[in-house]
Amino acid sequence: MTVRIAIDCMGGDHGLSVTVPAALSFARRESGASLLLVGRAPQIEAELGRRSDYAQVRDRIRVVHAEEVVEMTDSLTTALRSKKNSSMRVALESVKNGLADVAVSAGNTGALMAIARYLLKTQEGIDRPAIAHALPNQKGDLTTWLDLGANVDCEAEHLLQFAILGCAYAASLHGKERPSVGLLNVGEEVIKGNEVVKRAGELLRGSGLNFHGNVEGDDIFRGTVDVIVCDGFVGNVALKASEGLAQMLAGFIREEFTRSWTSKLIALLALPVLNRFRHRVDHRRYNGAALLGLRGVVIKSHGSSDAYGFECAIRRGFDASSHQLLERTAQAMAPLLAKLPGSGDAALGANMARA
């Protein structure tokens, strides 16, 4: 089955200079994908014309014109109401209209979430979509982490919904039969945290999920649990801090190995080890977060991504669609939502499965 991917070519800090090369590289590697390159057609076609690899994949690429661009500095109102022919919106409309299976954008996160929510709507039982990402841990596995920036202020009920979405994501994409859930907090004790977090802990304990309890920041990369839940403010700050730390450590190692001729010689001998280390801590490999809770698959790339990082985000979208994330998420959520207080009866779960 061919996966149709709509790419917002104008979004992000670098726009066409990153998105088009990444799209072509991905198309060469993945014959089971067809791409809709959305943006200002003359500019996209000019960029394609400069690429010698375009001829290899021309039959699986279509350019879709969209005159406007959502800038990184645009307000939500501007993006949603004033730029109705933006590359971001047209890419998302392709998913809504069934022309694409997934949309990928490196553009303004708030605008992407707002437009996606407006066009695609949320799944039954979900008040707010969340940004989820899977990152490597010390156990050699992946930890699903959400929310990473979509919802700065959350109520306890939202954190519970995020936990359900995260469990469904981990089950469908990572094969976790009964994912364990941790609530990010300032301590493991039940009494720790603000009132929202403490209330969320109460809801999670009665939810029927495999709730581990509170976890702390150092548990994120330990692999203590399969899914970690927090509000978008905490999640985004912690994510960016971890990425910055990885880059700083890599920089320190590079500085030390280039400090003298002796250290350069040692670096040459240690080059295979250093390359493996750099590969393991390269955050670009894990670029591409899923906007969960929507009636469509949407992937958010880092705005500053280079071509390699953006290609990884496209790969996330392809994998999500190939593994039928949307359908399997709805199926996994149905029995969980049916057990929640105030959900009524199993009819809600049935509605989720049909969503």
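Guide: Gladly; please keep in mind that this is a predicted model. We can begin with a ring that belongs to Phe 318, and then turn to its partner.

Visitor: Is Phe 318 buried or exposed?

Guide: A residue counts as buried when its relative accessible area is under 20%. Phe 318 has a relative accessible area of 8%, so the word that applies to Phe 318 is buried.

Visitor: How are the rings of Phe 26 and Phe 318 arranged?

Guide: A pair of aromatic rings is described by the distance of the centres and the angle of the planes. For Phe 26 and Phe 318 the centres are 5.8 Å apart and the planes stand at 65°. Planes over 60 degrees apart count as edge-to-face, so the arrangement of Phe 26 and Phe 318 is edge-to-face.

Visitor: How many residues apart in sequence are the parts that this pair ties together?

Guide: Phe 26 belongs to helix α1, which covers residues 16–29, and its relative accessible area of 0% makes Phe 26 buried. Phe 318 belongs to helix α12, which covers residues 307–322. The pair therefore ties together parts whose separation in sequence, in residues, is 292.

Visitor: Which arrangement do the rings of Trp 145 and Phe 221 have?

Guide: The ring centres of Trp 145 and Phe 221 are 6.4 Å apart, which is within the 6.5 Å needed for a pair. Their planes stand at 85°, so the arrangement of Trp 145 and Phe 221 is edge-to-face.

Visitor: Where does Phe 221 lie, and how many residues apart in sequence are the parts tied together by its pair with Trp 145?

Guide: Trp 145 lies in strand β6, residues 142–146, and is buried at a relative accessible area of 1%. Phe 221, partly exposed at 31%, lies in the loop between β8 and β9. The separation of these parts in sequence, in residues, is therefore 76.

Visitor: Which residue is joined to Leu 146 by a cis peptide bond?

Guide: The omega of this bond is about 5°. The residue asked for is found in the loop between β6 and α7, and its name is Asp 147.

Visitor: Over the face of which residue does Lys 121 lie?

Guide: Lys 121 lies in the loop between α6 and β5, and its phi is positive, about 70°, although Lys 121 is not a glycine. At 44% relative accessibility Lys 121 counts as partly exposed. At 5.0 Å from the ring centre, Lys 121 lies over the face of Tyr 118.

Technical notes
Residues numbered from 1 in each chain as written. Predicted model: local features only at pLDDT ≥ 70, side-chain atom pairs only at ≥ 80, totals over all residues. Heavy atoms only, no water. Phe/Tyr/Trp six-rings, centres within 6.5 Å; stacked < 30°, edge-to-face > 60°. Helix = DSSP H or I, 4+ residues; strand = E, 2+ residues; numbered from the N terminus. Buried < 20%, exposed > 50% of the residue type's maximum accessible area, 1.4 Å probe, protein only. Lys NZ or Arg CZ within 6 Å of the ring centre and 35° of its normal.
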